[in-house]
Amino acid sequence: MADQGDRQRQAAILIADVAGFSALVETGEAEAVAAVRKLSDQIIVPAAQQYSGQLVKTLGDGFLLEFPTSLQAVKAALLISKKTNARSAGQAGPHLSLRMGIHTGNIIAAGGDLFGNCVNIAARLESLAGPGEICVSGTVQAQVRGRINAAFDDLGLQVIRNISDPVRIFRICENAMPRLEAEGPAYDVSVAVLPFLNMSPASEAAESLAEALTEDVTIGLSRFRELRVISRTTALRFAASASETSLAAVELGVRYLVEGTVRQLVGKLRVSVSLADGINGTSLHSEQYDRAAADSLSQEDALAGQITQTLAGQLQATAKRKSAELGARGGPVTSRELVLQAKALLLDTREALLKCRKLYQQACDSDPGNASACCGLALTYLVEWMSGWGQSPETTLDKAFPLLRRAARIDPLDSVAQRRLAVMHLFKGEFSLAEDHFQRALALNPNDTDAMAFRGLSLVYQGKHQKALAELDQATSRNPFHPTYFHWFKGLALYMCREYQPGVTEVRKAVGLFPGFPAPRRHLAACYGQLGDTQAAAQEAGRILKLEPGFSVSRISETLPFAHSEDLEHYCDGLLRAGLPE
């Protein structure tokens, strides 16, 4: 029975014990004791303090900690487990492994110690945990479930001495660091933008830019429909613990984390941005950007756009790689997984195009409401039109239109569907309709540099060649990791400006990356033809005819949507000069 001076309160109790400590003592008592003391000072106490807890007492190799809530106790246990395992893996000396138990309830504080059933149950949970494991009571599990991204194994009811009712016990799987699938539990590309840190507290400009970039990059990434982006308000809670990458990822339920800093230098601000895999901490991309201190708001917006597009490109590339791994596993797949497998394919050959089309068609058949599947299937017809692989260009575009219209109805906020509708109208020579959809795409996602690039191509066909170059240059600067077709679009624009040698340089970048795709080779052959380089032109013409045995200049001239006849004649003249059949 508690004395009147004893204080009762509600708390969460965490009890930890070093597994196999007696065996460690036998191999070297002084070294083992020193290792436990260092564990306490460098890991356990700081982790407890980070989550408003305190170390109440130590008993040799055991620790009793108190926290205000169950959630804080579990988060501290996750952090302690992670750091203990990391230290054991990376250092020589005794390898320590902790068992932990957590329960919540009424406690009695007296004489610098804690008493009561809550403490007794936590101690019993700790004894049931294996080395490196965390066991929690059913009460704790109910309070934290859904608030951390952790899996729980139900160990059933356990009878605990001096406790009348059995206690349900759960073990947090894999030391509370869940193993996510390739792109999260539902194969999502999930990301959180942690608040950009101002590394120069005395600089108001650095503080203002850090806040603006956090908000702008978060909003910018959220415009990409295939990305699941955590809100800025939610991510803001992790400003103080951004260095704990894995823990932040687990708590936020995301796979990837964006972190950034702003530093005031002489006459400029330096922005550093990194993209990390939140589960294993691997850095996927890092970049530095320098901004003049006197830059305008529009230049600040351009910086945010460049950062956003670079990050989105890296995330999309990572998703494609993971999707390819998913496809290699075999077995039954969902409509969503079929789409991811299709997105992972490079459409640089007729065979790859047909394989991609088959995957998208299967996804559409299994889930007609999948907007990405409809939009992707339409893409295969647009690529077929660009490549010339189809039998009838008009029929090819007609097949794309209803699919894109359906995708836009299913998801009216998807910029990709609007962009591809614009491209479809562009290929038909319907420039006003194309521009309307380009405007919609960019309104939905101002960082859609693919829409900018195709808009540049539209300007080429409209005869606005210099304006097209400016649009393509803007798209390229906003997306340093842009798709290959940016090169051949710019090469065509340079050709139409009669800058043939720069056109060769630009188009060869595309040809070198995807030698099996015929469209850029036509531009390259035309440039060589106008330059009078008969040997290079003949080689390129031969490659085109090998890829497209039925190619003729007259046939291609019927499909190209040049608004002005003189532009079409100029392009066809280059092909004829290259030695391609009329």
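Among contacts between residues at least 6 apart in sequence, 64% join residues at least 24 apart. The model is predicted. It has 23 helices and 14 strands. The protein has 582 residues, and 53% of them are buried. Its accessible surface comes to about 25,600 Å². Carbon and sulfur atoms hold 50% of that surface.

## Helix 15 and its surroundings

Helix 15 covers residues 431-444, which is 14 residues. From first C-alpha to last it reaches 20 Å, close to the 20 Å expected at 1.5 Å a residue.

Which residues of helix 15 are buried? They are Phe 431, Ala 434, His 437, Phe 438, Ala 441 and Leu 442. Seen down the axis of helix 15, these buried residues fall within an arc of 135 degrees, so they line one face of the helix. An α-helix has 3.6 residues a turn, so residues three or four places apart point the same way.

The face turned away from the buried side of helix 15 carries the exposed residues Ser 432 and Ala 443. What does the buried side pack against? Its partners are helix 14 (415-427) and helix 16 (449-461).

Asp 448 sits in the loop between helix 15 and helix 16. Is Asp 448 buried or exposed? Its relative accessible area is 2%, so Asp 448 is buried. The side chain of Asp 448 reaches the backbone nitrogen of Asp 450 at 3.2 Å. Leaving out residues up to four places away in sequence, Asp 448 touches Gln 309, Ser 415, Arg 419 and Leu 442. Leu 442 is itself one of the buried residues of helix 15.

Gln 462 lies in the next loop to consider, between helix 16 and helix 17 (465-478). Gln 462 has 19% relative accessibility. The cut-off for buried is under 20%, so Gln 462 counts as buried. Beyond its neighbours within four places in sequence, Gln 462 is in contact with Phe 431, Ala 563 and His 564. Phe 431 belongs to the buried set of helix 15. Gln 462 and Gly 429 are 33 residues apart in sequence, yet their C-alpha atoms are 8.9 Å apart in space.

## Helix 10

Helix 10 spans residues 335-343. Seven of its nine residues are buried, so helix 10 is largely enclosed by the rest of the structure. The buried residues are Ser 335, Glu 337, Leu 338, Val 339, Leu 340, Gln 341 and Ala 342.

Ser 335 is in helix 10 and is buried at 10% relative accessibility. Where does its side chain reach? The side chain of Ser 335 reaches the backbone oxygen of Ala 363 at 3.1 Å. Not counting residues up to four places away in sequence, Ser 335 touches Ala 363, Ser 366, Asp 367 and Asn 370.

## Cysteines

How many disulfides does the structure hold? It holds zero. Cys 375 is in no disulfide, and the nearest cysteine sulfur, that of Cys 374, is 8.4 Å away. A disulfide would need the two sulfur atoms within 2.5 Å. Cys 375 counts as buried, at 3% relative accessibility. Cys 527 also counts as buried, at 0%.

## Loop residues

Arg 161 is in the loop between strand 7 (152-158) and strand 8 (167-172). Arg 161 counts as exposed, at 74% relative accessibility. Its C-alpha is separated by 8.9 Å from that of Ile 121, which is 40 residues away along the chain.

Two loop residues have a positive phi. Most residues other than glycine have a negative phi. Ser 52 has a phi near 60 degrees. Ser 52 is in the loop between helix 2 (29-50) and strand 2 (54-59). Arg 498 has a phi near 65 degrees, again positive in a residue other than glycine. The place of Arg 498 is the loop between helix 18 (485-496) and helix 19 (500-513). Arg 498 counts as exposed, at 52% relative accessibility.

## Accessibility at a glance

| Residue | Relative accessibility | Class |
|---|---|---|
| Cys 527 | 0% | buried |
| Asp 448 | 2% | buried |
| Cys 375 | 3% | buried |
| Ser 335 | 10% | buried |
| Gln 462 | 19% | buried |
| Arg 498 | 52% | exposed |
| Arg 161 | 74% | exposed |

Methods
Residues numbered from 1 in each chain as written. Predicted model: local features only at pLDDT ≥ 70, side-chain atom pairs only at ≥ 80, totals over all residues. Heavy atoms only, no water. Helix = DSSP H or I, 4+ residues; strand = E, 2+ residues; numbered from the N terminus. Expected span 1.5 Å × (residues − 1). Buried < 20%, exposed > 50% of the residue type's maximum accessible area, 1.4 Å probe, protein only. Arc of directions from axis to C-beta. Contact = heavy atoms within 4.5 Å. Polar contact = N/O pair within 3.5 Å; in protein donor to acceptor, adjacent residues only side chain to side chain. Areas by Shrake-Rupley, 256 points an atom, 1.4 Å probe, with all protein chains shown as cover.
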